[in-house]
Amino acid sequence: MSSAQSGSVATRPYVDPTPLPDNIPKVQELGVSSAPLKSAAFFIGAYCKEYNEDFMLCKSENRDPSHCLKEGRRVTRCATDLINKMRENCLSQFQEHWDCLEKNNQEYYLCRKPERTLNACMFEKLGLTKTIPSAPAGKTPVHELEKPLFKAIQK
Amino acid sequence: MPVPWEALIPFGLLTVMFGATGTLLNVSSGAQNLGKPIRHNIDAWDEMMMKRDEQLTGHKRGQRDDPVPPPGFETGSSTRATGGLVVLFNGKLANISDPLDPTLTYSPAVKARSKLEYAGKLSFTDTQPH
């Protein structure tokens with residue numbers, strides 16, 4: 001072939017050929033990646049409980065994406081709000097925890113020490129606690145166990 | 001009596017060969033994972049999150065905690081763009097999530113995928129973060 005072929009890398013920025021109509025409000029998506037999200041997960045659950053439940057119930061009615069746009073925007077805004085508050089108040093503990101998670105296959109049980117400092121800071125500054133919804137009542141939740149069964153091999 | 005140093009050559013060979021293999025594996029896995037340990041036991045959720053991380057940071061293992069995404073994250077993505085594009089028999093481009101047009105001829109694969117999507121069993125937007 002003697003004609004020029006386009007490369008596999010785009011030379012121009014991608015422009016959405018089918019943008020959403022203007023009557024749909026625009027919300028900035030959350031630009032946080034997986035490890036910080038995992039670190040903040042239980043706090044998002046505590047802070048944004050109503051909006052998240054609203055969205056899940058809406059989705060259970062109808063899986064069509066256009067049906068739950070409003071609830072989805074609320075979820076995004078709430079999560080962005082919490083991440084901003086976390087960064088304002090507990091930035092170093094947050095970064096330490098998600099750094100540890102990233103080095104440990106994103107497993108919670110291997111990063112209890114930074115998690116404890118983050119939980120303490122979040123409770124002190126924002127009043128949020130981590131609660132595991134399906135934890136059996138009456139027993140200590142696994143993240144508060146002093147002598148857990150599943151732990152890192154080396155200290 | 002002279003020391004039988006030739007007998008030590010196999011030990012040396014073994015040490016060097018095992019050492020070289022181990023070092024190569026270590027360096028290679030570190031280079032592929034930005035110096036972090038390999039992710040194991042990855043399920044579909046983790047695959048999806050790593051794909052999103054690649055859109056955000058450019059690398060599957062890259063992380064960022066800035067809530068403002070880089071420009072082009074919301075609309076730009078090879079998965080969103082090409083996930084649903086199909087070329088029909090008559091040469092028109094269509095998005096798989098559009099309802100089927102009765103005036104056009106569709107390939108059996110397109111019809112099958114459309115049927116699954118409208119039965120709620122398959123959605124191209126399900127694995128995307130909302």
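The lining of the largest cavity divides into 4 nonpolar, 3 polar and 3 charged residues (nonpolar: Ala, Val, Leu, Ile, Met, Phe, Trp, Tyr, Cys and Pro; charged: Asp, Glu, Lys and Arg; polar: the others, Gly among them). The model is predicted, and local features need pLDDT of at least 70, side-chain atom pairs count only at pLDDT 80 or more, and totals for chains, interfaces and linings use all residues. Residues are numbered from 1 along each chain as its sequence is written, chains are lettered from A in the order in which they are written, and side-chain values use heavy atoms, without hydrogens and water.

About 40 Å³ of space lies in this largest cavity. A cavity is a set of points on a 1 Å grid over the protein atoms alone where a 1.4 Å probe fits but cannot get out, and lining residues have an atom within 4 Å of a point. Among the lining residues are A:F42, A:H97 and A:Y108. The largest share of the lining, 4 residues, comes from α1(A).

The contact between the chains (heavy atoms within 4.5 Å) takes 30 residues from chain A and 28 residues from chain B. Chain A and chain B bury about 2,400 Å² between them, 48% of it on carbon and sulfur atoms; buried area is the accessible area (1.4 Å probe) that two parts lose on being put together, summed over both. Between the chains the count is 3 salt bridges, each a side-chain nitrogen of Lys or Arg within 4 Å of a carboxyl oxygen of Asp or Glu. One salt bridge joins B:D65 to A:R87, with the closest N and O atoms 2.9 Å apart.

Notes
1 Å grid on protein atoms, 1.4 Å probe; cavity = no way out; pocket = protein on both sides within 12 Å on 5 of 7 lines; lining within 4 Å. Points joined across faces, edges and corners; volume = space filled by probe spheres on them. Helix = DSSP H or I, 4+ residues; strand = E, 2+ residues; numbered from the N terminus.
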